[in-house]
Amino acid sequence: MGKKSYKHISTALIHGGIYGDERTGAVNVPIYQTSTYEQIHLGQHTGYEYSRTGNPTREALEALIAELEGGVAGFAFASGMAAISAVLTLFHSGDKVIISSNVYGGTFRVLDKIFKNFDIHYAIEDTTDLEALEKSITKEVKAIFIESPANPLLTITDLKAVADLAKKHGILSIVDNTFMTPYLQRPIQLGMDIVVHSGTKYLGGHSDLIAGLVVVNQKELADKLAFIQNATGGILQPFDSFLLIRGIKTLGVRLDRHVENASKIADYLLKHPAVKKIYYPGHKDFPGYEINKKQAKNGGAMLSFELKEEYNIRKFYDGLELIALAESLGGVESLVCHPASMTHASIPFEVRQKVGITEGLIRLSVGIENVEEIIDDLETAIEAAREN
């Protein structure tokens, strides 16, 4: 059903992948809530045998994210960390993965506490410094894993330059595109090999599901990931696949509002006398602004900031009423977190200090509420945080 190609991603968000249901004409892919499938004859089946291996609802989601990212295949997992873990399972004992100097704490934790046990190692590098990055590529390095913008300092890495560097050395380039989504940034078009997402965030958009997605740019990688997905079994369930497809349909209109709000809030914070520093890729004076402008539609809807020393950060969090203090991001509601003790607590203190994830850093996921009400809530909390 439906067209197979579209002029604009806004249309593909709604009609892309496997659209509708040919048997009934339903415009939504049904929830195939089944574990197994009756076979026609011994050794002959309909294309489905067991839902860990393949499920029509999950297949529709996987086709959709592959089309949106411009890859050859997509894979849906039970969480973003399940997706990242599946990708890391591509590597072997003795291999090393370079990661950006500020990445999601869960990515660092799974490498440091799990994969290290299997002799798969990591090196933390400033991926914005391409000369130093190239010097860090030894024969053990098999991949560069980056985020751009990175979590939580919004650091911008040149995706095409890293992809070119990886190809030059015969290693994989992997990017976590959660903060931008394919609506704002399409890394495979810039040469990246693998894109991962926490579908929990902007793609789902309503803080009501947990999901992870992977898209690859070549059949060989697709075959390997398909085997890993089936063998390890961390698949996304049919109902969550349905919810994620539904969330993706409104991604464009939601992100337009998210970004509009974030831009206004960033301007407000930039001028505020209580704010010591702000991190937002949409500001012209932000390091990496020009690179981000080249590879992404805009600065996104995530920002981080620090208050000056005379403000008590605990009182700031306590002073918020509209904005929720919570893990996660990308939902329709505004969420704030303290990276040092929440999302990045698994990263050693000295590493956090070195890269700039300070005890005073505040990360804000800007929602789609009325922007004046969000700003009013921030203003009230900042005033409450002022030490007398």
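Student: Why is F305 called buried?

Tutor: F305 has a relative accessible area of 0%. Buried means under 20% relative accessible area, exposed means over 50%, and partly exposed lies in between, with a 1.4 Å probe and protein chains only. The value for F305 is 0%, so F305 is buried.

Student: What should I know about the model itself?

Tutor: This is a predicted model, in which local features need pLDDT of at least 70, side-chain atom pairs count only at pLDDT 80 or more, and totals for chains, interfaces and linings use all residues. Residues are numbered from 1 along each chain as its sequence is written, and side-chain values use heavy atoms, with hydrogens and water left out.

Student: What makes F305 and F316 an edge-to-face pair?

Tutor: Rings of Phe, Tyr and Trp (its six-membered ring) pair if their centres lie within 6.5 Å; planes under 30 degrees apart count as stacked, over 60 as edge-to-face and the rest as tilted. The ring centres of F305 and F316 are 6.0 Å apart and the planes stand at 90°, so this pair is edge-to-face. F305 lies in strand β9 and F316 in helix α12, so the pair ties together parts that are 11 residues apart in sequence. Helices (H or I, at least four residues) and strands (E, at least two) are DSSP runs, numbered from the N terminus.

Student: Which residues do ring pairs link into a cluster with F305?

Tutor: Ring pairs join F305, F316 and Y317 into a cluster.

Student: Which residues touch the most other members of the largest nonpolar core?

Tutor: They are I265, F305, F316 and L378, in a core of 84 residues. The largest share of this core, eight residues, comes from α10. A nonpolar core is a set of buried Ala, Val, Leu, Ile, Met, Phe, Trp, Tyr and Cys residues joined through side-chain atoms within 4.5 Å.

Student: Why do the buried residues of α14 count as being on the same side?

Tutor: The buried residues of α14 are V371, I374, I375, D377, L378, A381, I382 and A385. They cover an arc of only 160° around the axis, which puts them on the same side of α14. The arc is that of the directions from the helix axis to the C-beta atoms. What covers these buried residues includes α10, β9, α12 and β12.

Student: Is R363 buried or exposed?

Tutor: R363 lies in strand β12. With 3% relative accessibility, R363 counts as buried.

Student: What joins the side chains of R363 and N151?

Tutor: They are joined by a polar contact of 3.0 Å. A polar contact is a pair of N or O atoms within 3.5 Å; within protein, one must be able to donate a hydrogen and the other to accept it, and residues adjacent in sequence count only if both atoms are side-chain atoms. A polar atom of the R363 side chain also lies 3.1 Å from the backbone oxygen of S328.

Student: How do you know that S334 is buried?

Tutor: S334 has 1% relative accessibility, so S334 counts as buried. S334 sits in the loop between β10 and β11, and a polar atom of its side chain lies 2.8 Å from the backbone nitrogen of G367.

Student: And why is Y122 called partly exposed?

Tutor: The relative accessible area of Y122 is 21%, so Y122 is partly exposed.

Notes:
Contact means heavy atoms within 4.5 Å.
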